[in-house]
Amino acid sequence: MLTIITRESEEPIQSQLRRRIVESIHSGQMQLGQKMPPSRQLAGQLGIARNTVTAVYEELVARGYLDSVPRRGVFVARDLPPEPANQPEAAPGTGPDWDARLKQRPSRLRHIIKPSNWQDYAFPFVYGQVDPSLFPINTWRTCSRDALGRSAIDWWTADRAVEDDPLLVEQIRTQILPQRGIYAKPEEILITLGTQEGLYLLARLLARPGTRVGCEMPGYPDSRNIMAAEGADIIDLPIDSEGARLPDSALDLAVLTPAHHCPTMVPMSPERRLATLARARRDGTVLIEDDYEGETASDGDQTTLKSLDNSGHVAYLGTLSKVLAPGVRLGFMVAAPALVEEARWLRRLIHRSAPLNNQRTAGIFLAEGHYLALQRSLRAALDHRHAKVVEGCDRYLPDFRRTGTHGGSSVWLECPPGVDARALFTAACARGVLFESGDPFVPEDQAGRFLRLGISYIDERKIDAGLAELGRAVRDL
């Protein structure tokens, strides 16, 4: 019963274990009062993390399936909760025809997917995760306590509807944006749930069927998904050594990642940036600048399109997730006041303001100087890791083509002829190496050609060994 855990399943390992324990109890395979294996022992048997077993035990204790007896262990409860009653199945043909009723099918889009148990891998080259060893958790905890002070609580517990925390807005305006050459007024800044929500708000406001939207190809799949969901006409923007290139025909919108192109990490050249802005002014194109790595970028030219924009054609999106944590879900939009005002009221229709307790905690973290100190540490760590990954790729993956970049939190690789990235993924996982498929970023006819190595989470000391294992996986194919 407790021996079947499928790593290839889309169901998280923790969910699999929890479900199998409950099924075994209800089926009688486990007896009432039976002692459960110690968490360390069960984790070793299943080849999973001990904290995964501990979390499952704790949840089942809370739900009444298990009893925890101090100094004795964990036991199957003698007084089990009643088994959920089976819901009667709807008679065929009586329910809604969801295939006909659903106007969109987001689940069928091409998404970036990583295993939920990515932390269990020995060499997790995953993208977008924050290294907990670098995060000052005690400092964040102190800022959280300060956000629970009476004056702060009185402000953020109220229903503010469309307001953002003025402390956080001011810190973004005076600390973060000037690093990117941007000087904005408070009315030009909106707090979002990461850059993702900023993209969604702008799509809802600016795109409709017939709107011509340029999206990078290869590029971030969700910028394309979000714009396509509004019925926009998607125009592929090719990528070369200078970044994205606008087409000869005019666009209404263009979504760009000029600092570090997603996913190749190629920066847009200064000449291409000026030419892009000139085209936008000429054609009336609104440029959406997704500066998703702006907070951790430390290489070369830090100039943003927004910093060069003197005509209001650029809507800038930034995020705090790459420095704080993805789960904090805080980002920001900087744009013309008229556009920000409408985005603010559209945000209200979705969820009102972004969580104000998180906003206040982040505002305190910034105001006390902790953010900039953490940012410096992260940039230094990423620079070291990037250099080590490049060195390891040259040594262990010499036949893989790597884009010529000088920084960033990932490395984009093209497989040599005869190597399929999908088969390599399976072989690498068997060796404890996890990377990200390049398929969601590229056209479907290029599936299996590319992969992305994220470097923000993996321990620098494990990089060389992980790439050596990846090289062995290549030879296994």
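View 1. A search of the whole structure finds 5 cavities of 30 Å³ or more, where a cavity is a set of points on a 1 Å grid over the protein atoms alone at which a 1.4 Å probe fits but cannot get out. The largest cavity has a volume of about 130 Å³, a volume being the space filled by probe spheres set on the grid points, which are joined across faces, edges and corners. Its lining consists of 16 residues, with Q129, T296, K322, L382 and S456 nearest the centre of the cavity; lining residues are those with an atom within 4 Å of a point. By class, this lining has 6 nonpolar, 6 polar and 4 charged residues (nonpolar: Ala, Val, Leu, Ile, Met, Phe, Trp, Tyr, Cys and Pro; charged: Asp, Glu, Lys and Arg; polar: the others, Gly among them). The model is predicted, so that local features need pLDDT of at least 70 and side-chain atom pairs count only at pLDDT 80 or more, while totals for chains, interfaces and linings use all residues. Residues are numbered from 1 along each chain as its sequence is written, and side-chain values use heavy atoms, with hydrogens and water left out.

**View 2. The second largest pocket.** This pocket has a volume of about 580 Å³, a pocket being an open set of points with protein on both sides within 12 Å along at least five of seven lines. It is lined by 24 residues, and those closest to its centre are Y127, Q196, Y220, K322 and R329. Helices α8 (194-206) and α9 (221-229) each supply at least two residues of the lining, and the largest share, 3 residues, comes from α8; helices (H or I, at least four residues) and strands (E, at least two) are DSSP runs, numbered from the N terminus. The lining of the second largest pocket divides into 8 nonpolar, 9 polar and 7 charged residues.

**View 3. K322 in its loop.** K322 lies in the loop between β10 (314-319) and β11 (331-334) and, with a relative accessible area of 22%, is partly exposed (buried means under 20%, exposed over 50%, partly exposed in between, with a 1.4 Å probe and protein chains only). Leaving out residues up to four places away in sequence, K322 touches Y127, V130, Y292, T296 and L378, contact meaning heavy atoms within 4.5 Å. Of these partners, T296 is also among the residues nearest the centre of the largest cavity, whereas Y127 is among those closest to the centre of the second largest pocket. K322 and T304 are 18 residues apart in sequence and 18 Å apart in space, C-alpha to C-alpha.

**View 4. K306 in helix α11.** K306 is placed in helix α11 (residues 305-308) and counts as buried, at 16% relative accessibility. Apart from its neighbours within four places in sequence, K306 is in contact with I182, E289, V314, Y316, V334 and A335.

**View 5. Helix α9 and its cover.** Of the 9 residues of α9, 7 are buried, so this helix is largely enclosed by the rest of the structure. The buried residues are P221, D222, S223, R224, N225, I226 and M227, and what covers them includes α8, β5 (212-217), β6 (233-240), β8 (253-256) and β9 (286-290). Just after α9, G231 takes a positive phi of about 85 degrees.
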